[in-house]
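Welcome! Please take a look at the sequence and the model below, and keep them at hand while you read.

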Amino acid sequence: MKIFDAATTRDALPFPELIAALRAMFVAGCQVPLRHTHKIAAQDAEGTVLIMPAWQEGGYLGIKTVNIFPGNAALGLPGLHSTYVLYDARTGAPLAQLDGDEITSRRTAAASALAASFLARKDSTRMTLVGTGRVGKLVPQAYRAVLPIREVEVWSRSRAASVRLVAELAAQGFAARVADDLAASVARADIVSCATLATEPVVRGEWLAPGSHLDLIGSFTPAMRETDDACFQNARLFVDTAEAFQKSGDLLGPLQRGVLSNPEQWPTLETLCREQAQGRTRDDERTVFKSVGTALEDLAAAARVYEAQTAR
């Protein structure tokens, strides 16, 4: 069994190739059972173990294990660790162990960029990035693989974190600056991407410009929320999978209040990639993409790493 560390996993997943791999996997499809969730007694705070399998018959089988231990903060350790094991689906033989954190963060940013390739205006150059965490830092790079993004304004609850990320983005060739006035920044943005752990709205619909695209990466539990209801009014909504409206507080609240309806009919990344749903239809329409992640994306990324490394 091959062992691919974080650097090896990351280097095998350049965004143009990863986005193409995700698109191909959404077209081909794979088996994605419901994730397993288990509670683990820990010293200071209860831990959670997530087990996320996916496979293609006759192809690859992958299982991601995510360990979430909030009490680690008091120990000076990360609160989340994940690993990915890839197998031959024909025999069950193990092929590789990969860095699960790199798989997750890069495929998450790539999925948002894949959606934007269908939903954002093709001339989009300005992005407002809300959030400076592991995934947020990757979003501009991922988007640049599909759109001519040049300007990035960064906002987070910590201005110091925004300043640090602005310096990193500038080194990557972006015209980057801190967004001290979030409302004004959102109003002039072509793309607004949110990757936070917020539980109350951060972005408001009244700020969004006609023709803009809103990308919502956070809010992957019912208790989390990045937007107010107005963000969905007079906009076309797309989701990564049907699980989104079952898990995300950004969608569950508006559904309960009647702002949104008929979630079973919402277009998904699968229907977009298979050309069974239409993306953006006019330059002046607003689009919203909500993702919660899927093991399909993990499998596509892990297979890409394995094939890239074993081909050398």
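The model is predicted: local features need pLDDT of at least 70, side-chain atom pairs count only at pLDDT 80 or more, and totals for chains, interfaces and linings use all residues. Residues are numbered from 1 along each chain as its sequence is written, and side-chain values use heavy atoms, with hydrogens and water left out.

Let us begin with the strands. Helices (H or I, at least four residues) and strands (E, at least two) are DSSP runs, numbered from the N terminus. Two strands pair if DSSP finds at least two bridges between them.

Six strands form an open sheet in the order E1-E6-E5-E4-E3-E2, and the pairing is mixed. Strand E1 (2-4) and E2 stand at its edges; each has a single partner strand, so one side of each is left without a neighbour in the sheet. From one strand to the next, the twist averages 15°; angles here run from 0 to 180 degrees between N-to-C directions, with axes as lines fitted to C-alpha atoms, for helices over the stretch in contact.

| Strands | Sense and bridges | A pair of bridge partners |
|---|---|---|
| E2 and E3 | antiparallel, five bridges | His36 and Ile51 |
| E3 and E4 | antiparallel, eight bridges | Trp55 and Leu61 |
| E4 and E5 | antiparallel, nine bridges | Lys64 and Tyr84 |

Two of these pairings are hairpins. Six residues join E2 to E3, while four residues lie between E3 and E4. In the turn between E3 and E4, Gly58 has a positive phi of about 80°.

**The seven-stranded sheet**

The other open sheet has seven strands in the order E9-E8-E7-E10-E11-E13-E12, with parallel pairing. Which strands stand at the edges of this sheet? They are strand E9 (175-178) and strand E12 (235-239), each with a single partner strand, so one side of each has no neighbour in the sheet. On average, neighbouring strands here are turned by 15° against each other, direction ignored. Within the sheet, strand E7 (residues 126-130) pairs with strand E10 (residues 191-194) in the parallel sense over four bridges; Thr128 has Val192 of E10 as its bridge partner.

**A helix that meets both sheets**

H3 lies across E3, E4, E5 and strand E6 (94-99), running at about 90° to E5. H3 also lies across strand E11 (213-216), E12 and strand E13 (286-290), at about 155° to E13. Contact in these cases means heavy atoms within 4.5 Å.

**Salt bridges**

A salt bridge is a side-chain nitrogen of Lys or Arg within 4 Å of a carboxyl oxygen of Asp or Glu. How many salt bridges does a search of the whole structure find? The search finds 21. One joins the side chains of Glu153 and Arg177 (2.7 Å, N to O). Glu153 lies in strand E8 (residues 151-155) and Arg177 in strand E9, so the pair ties together parts that are 24 residues apart in sequence.

**Pockets**

On a 1 Å grid over the protein atoms alone, a pocket is an open set of points where a 1.4 Å probe fits, with protein on both sides within 12 Å along at least five of seven lines; lining residues have an atom within 4 Å of a point. A volume is the space filled by probe spheres set on the points, which are joined across faces, edges and corners.

The largest pocket has a volume of about 1400 Å³. Its lining has 48 residues, and the closest to its centre are Leu80, Thr104, Val135, Leu197 and Phe220. H3 gives the largest share of this lining, seven residues. By class, the lining holds 19 nonpolar, 19 polar and 10 charged residues; Ala, Val, Leu, Ile, Met, Phe, Trp, Tyr, Cys and Pro count as nonpolar, Asp, Glu, Lys and Arg as charged, and the others, Gly among them, as polar.

The second largest pocket has a volume of about 290 Å³. Of its 18 lining residues, Asp240, Thr241, Ala242, Glu243 and Glu270 lie nearest its centre.
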